[in-house]
Amino acid sequence: MDPTTDNAGNTGDASRARASLEALRAEIAKAVVGQDPAVTGLVVALLCRGHVLLEGVPGVAKTLLVRSLAAALELDTKRVQFTPDLMPSDVTGSLVYDTRSAEFSFQPGPVFTNLLLADEINRTPPKTQSSLLEAMEERQVTVDGKPRPLPEPFLVAATQNPVEYEGTYPLPEAQLDRFLLKLTIPLPSRQDEIDVLTRHASGFDPRDLHAAGVRPVAGSAELEAARVAVAKTHVHPEITAYVVDICRATRESPSLTLGVSPRGATALLATSRAWAWLTGRDYVTPDDVKALALPTLRHRVQLRPEAEMEGVTADSVINAILAHVPVPR
């Protein structure tokens, strides 16, 4: 496959947009230590107009990461702590009776923002979890039969704890499939943890990002220019077939009861294009597909109980498939 000329990347708007998004790493690093893959994943999701599920144990800066991203992109952000007694209207908004006008008026909920942090989403019952489905898929909220569009850009960043299951409500497959990426937030390395403690000893306050020096380096205009450029990123037919072969292999895996749906294949193609553009190319390579396969597919497959008991993970199954499926040359 021969590279095509990078027409989109050579335009002024696209080049400035790429430079601005690359600057996010340095800006977010002022507040968050050592989470470059998660930062990249969030940017890819914004470029693809998708949503992100962040999974990690408490205390690994999941919330701080999302807040820092919003500050560096000059986006409006709201946080909802999902609890067992949270109602759908607490997320979407509701009609409130105005005694002065003797009429009902709509009071928008926290979902009407650019970046919604849904903290511990698996702690709320399915009824409230499902209140996000329309917002995530249709980018609107329907109250009293009237659709109300959400701001643009709009991204849901939901967090969940992978080790605490008591009192939680696992997300159903249909809702997991609505998340473009599932990013795992690991514990920091020894040196990164030393850096974290050194910052706190020097007076760093995670609640005051402005004092930490986090400044806006991009905004809605740069995101829109980047999305236009990503849409022009060339995909060779062999790459399309490669994506399809990977997803079809998950449906035939003996370790899985549920493989990747066509929506998942579409998502993998979209994230691969965004990653290719971010790395400075206007064409997709097999390595781009491999780089985004785990975060894009790991939450779209379901392990067989016997495989899970043997220590098999979704990531190990996908890695085995990537090693087996022929790579286009």
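This report looks at a helix pair and a sheet in a predicted model.

**The helix pair**

Helix H2 and helix H10 pack with their axes 8 Å apart, at an angle of about 115 degrees. The crossing of H2 past H10 is left-handed. On the H2 side, the contact includes Asp13, Ala14, Ala17, Ser20 and Leu21. They meet Glu222, Leu223, Ala225, Ala226 and Ala229 of H10. By type, the residues of this contact are seven nonpolar, one polar and two charged.

How far apart are the end C-alpha atoms of H10? They are 17 Å apart. With 12 residues at 1.5 Å a residue, H10 should span 16 Å, so the two values agree. Several H10 residues are buried, including Leu223, Ala225, Ala226 and Ala229. Arg227 and Val230 in H10 are buried as well.

**The sheet**

Strands of a sheet pair through backbone hydrogen bonds. Here, five strands form an open sheet in the order S2-S5-S8-S1-S9, and the pairing is parallel. Which strands stand at the edges? They are S2 and S9. Each has a single partner strand, so one side of each lacks a neighbour in the sheet. From one strand to the next, the twist averages 20 degrees.

Some elements of this region are listed here.

| Element | Residues |
|---|---|
| Strand S2 | 77-81 |
| Strand S9 | 181-184 |
| Strand S5 | 115-119 |
| Strand S8 | 155-160 |
| Helix H4 | 62-72 |

S5 and S8 run parallel, joined by four bridges. Leu117 stands opposite Ala157 in S8. Helix H4 packs on the sheet and touches S1, S2, S5 and S8. The direction of H4 makes about 175 degrees with that of S5.

Definitions and conventions. Residues are numbered from 1 along each chain as its sequence is written. This is a predicted model: local features need pLDDT of at least 70, side-chain atom pairs count only at pLDDT 80 or more; totals for chains, interfaces and linings use all residues. Side-chain values use heavy atoms; hydrogens and water are left out. Axes are lines fitted to C-alpha atoms, for helices over the stretch in contact, and angles run from 0 to 180 degrees between N-to-C directions. Helices (H or I, at least four residues) and strands (E, at least two) are DSSP runs, numbered from the N terminus. A crossing is left-handed if the near helix is turned anticlockwise from the far one by less than a right angle, and right-handed if clockwise. Contact means heavy atoms within 4.5 Å. Ala, Val, Leu, Ile, Met, Phe, Trp, Tyr, Cys and Pro count as nonpolar, Asp, Glu, Lys and Arg as charged, and the others, Gly among them, as polar. The expected span of a helix is 1.5 Å times one less than its number of residues. Buried means under 20% relative accessible area, exposed over 50%, partly exposed in between (1.4 Å probe, protein chains only). Two strands pair if DSSP finds at least two bridges between them.
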